[in-house]
Amino acid sequence: MKNEQFFLGPWMKRFLLEYLISVKNLSRNTQQSYRDTFRLYLPYLADTIKKSVDTLTVQDVSSKSIEDFLLSIESERHCSIATRNQRLTAIHAFAQFVGLNNPEHAEWCRQIRLIPFKKGPKSSITYLEKNEMDALLSAPDRSTELGRRDYALLLFLYNTGTRADELAQLAIGDLDIPRNSKKNVSLVMIRGKGNKLRRCPLWDDTSKELIQIISDRKAAEHVFLNRYKQPITRFGIHALVKRYVKQLLPQYPSLAMKRVSPHTIRHTTATHLLQSGVDINTIRAWLGHVSLNTTNIYVEVNLEMKAKALACCEVSGKKPQKHWRDDKDLMSFLGSL
């Protein structure tokens with residue numbers, strides 16, 4: 001009779017409920033992405049080898065079946081290369097977890113982790129120019145309650161470079177807005193990926209707009225609410241941004257060439273900070289990046305900074321200096337000595 005350690009079910013439960021949460025401390029969205037990978041792969045594997053999902057073993061998971069699965073989600077589900085690689089990342093992580101906890105599966109783990117990622121075209125970062133960002137901030141009708149909320153939300157996104165999910169879970173208690181803004185800086189505590197906390201300064205304008213929408217409310221309440229007075233979701237934030245971008249298209253046709261989302265505003269914040277001369281390591285902390293390599297992508301896409309760097313190396317068209325023999329004044333000076 002097979003030992004329980006060879007069945008896939010117990011390993012999968014430990015991986016999803018213990019390892020990803022307690023050990024890796026991954027964000028809720030990443031946990032769901034890993035879960036969805038196996039919700040797709042396990043039925044595919046069971047159907048391929050003619051077994052039920054509950055009777056699958058670790059050894060049933062083979063390199064061949066994984067490669068076929070990845071090919072199928074590209075061809076049948078029309079997933080992008082990025083999505084395909086995300087699914088493979090989840091499978092790699094599961095194989096590593098099993099291999100670390102059971103040496104008997106070390107070779108199996110090695111074979112699974114040898115499956116390579118697929119190279120694809122490197123997409124460029126999209127960000128808004130200063131005039132486009134200013135136009136987006138001017139779009140909401142601030143004479144209405146919803147318009148003031150929308151303006152405060154867009155301004156907060158631009159100020160902090162926060163992600164849509166981080167904004168959606170922001171509580172009033174996370175804000176630290178002093179009464180005298182001239183003496184003390186307003187701050188916000190943002191809970192990022194993996195529940196990592198970071199503090200970000202707030203502009204005076206951002207603080208004033210936030211005070212208007214949080215007055216007389218409890219600290220535990222969410223800062224941004226929808227029209228039904230419920231916490232706004234990240235999907236609602238995406239819809240809000242897209243609505244105002246669509247409104248601006250007649251005046252700014254350049255926006256039609258850009259896929260603008262809340263994350264585009266995050267890219268815009270980083271790029272504008274960089275153009276203003278802010279240190280790259282400060283921007284890394286501002287955005288909550290773990291690795292500086294992630295932040296360095298903004299240096300690559302910033303054409304203005306590339307042009308400035310090129311200007312420093314430009315060869316000037318100076319005329320060649322005259323030879324000392326042709327300098328008559330110098331020769332007269334030497335002859336007079």
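Strands β2 and β3 form a hairpin with 5 residues between them, and Gly194 in the turn has a positive phi of about 65°. Helices (H or I, at least four residues) and strands (E, at least two) are DSSP runs, numbered from the N terminus. The model is predicted, so local features need pLDDT of at least 70 and side-chain atom pairs count only at pLDDT 80 or more, whereas totals for chains, interfaces and linings use all residues. Residues are numbered from 1 along each chain as its sequence is written, and side-chain values use heavy atoms, with hydrogens and water left out.

Two strands are taken to pair if DSSP finds at least two bridges between them. Strands of a sheet pair through backbone hydrogen bonds, either parallel or antiparallel. Between β1 and β2 (residues 187-191) the antiparallel pairing extends over 2 bridges. Leu175 has Val188 of β2 as its bridge partner, and Asp176 stands opposite Leu187 in β2. Antiparallel strands β2 and β3 are joined by 5 bridges. Val188 also has a bridge partner in β3, namely Cys200.

Cys200 counts as buried, at 0% relative accessibility. Buried means under 20% relative accessible area, exposed means over 50%, and partly exposed lies in between (1.4 Å probe, protein chains only). Cys109 is also classed as buried, at 11% relative accessibility. A search of the whole structure finds 0 disulfides, a disulfide being a pair of cysteine sulfur atoms within 2.5 Å.

Cys109 lies in helix α5 (residues 106-113), where Trp108, Cys109 and Ile112 are buried. Seen down the axis of α5, the buried residues fall within an arc of 100°, so they line one face of the helix. The arc is that of the directions from the helix axis to the C-beta atoms. An α-helix has 3.6 residues a turn, so residues three or four places apart point the same way. The cover over the buried residues of α5 includes α3 (63-75) and α4 (81-101), where contact means heavy atoms within 4.5 Å.

Another buried position is Thr264, with a relative accessible area of 3%. Thr264 is placed in helix α11 (residues 262-275). Not counting residues up to four places away in sequence, Thr264 touches Thr126, Tyr127, Leu128 and Arg259.

Positive phi values also occur in loops. Most residues other than glycine have a negative phi. Lys50, which is not a glycine, has a positive phi of about 60°. Lys50 is found in the loop between α2 (28-49) and α3, and is exposed, with a relative accessible area of 69%. Asp216, likewise a residue other than glycine, has a positive phi near 65°. Asp216 is placed in the loop between α9 (204-214) and α10 (234-248). With a relative accessible area of 83%, Asp216 is exposed.
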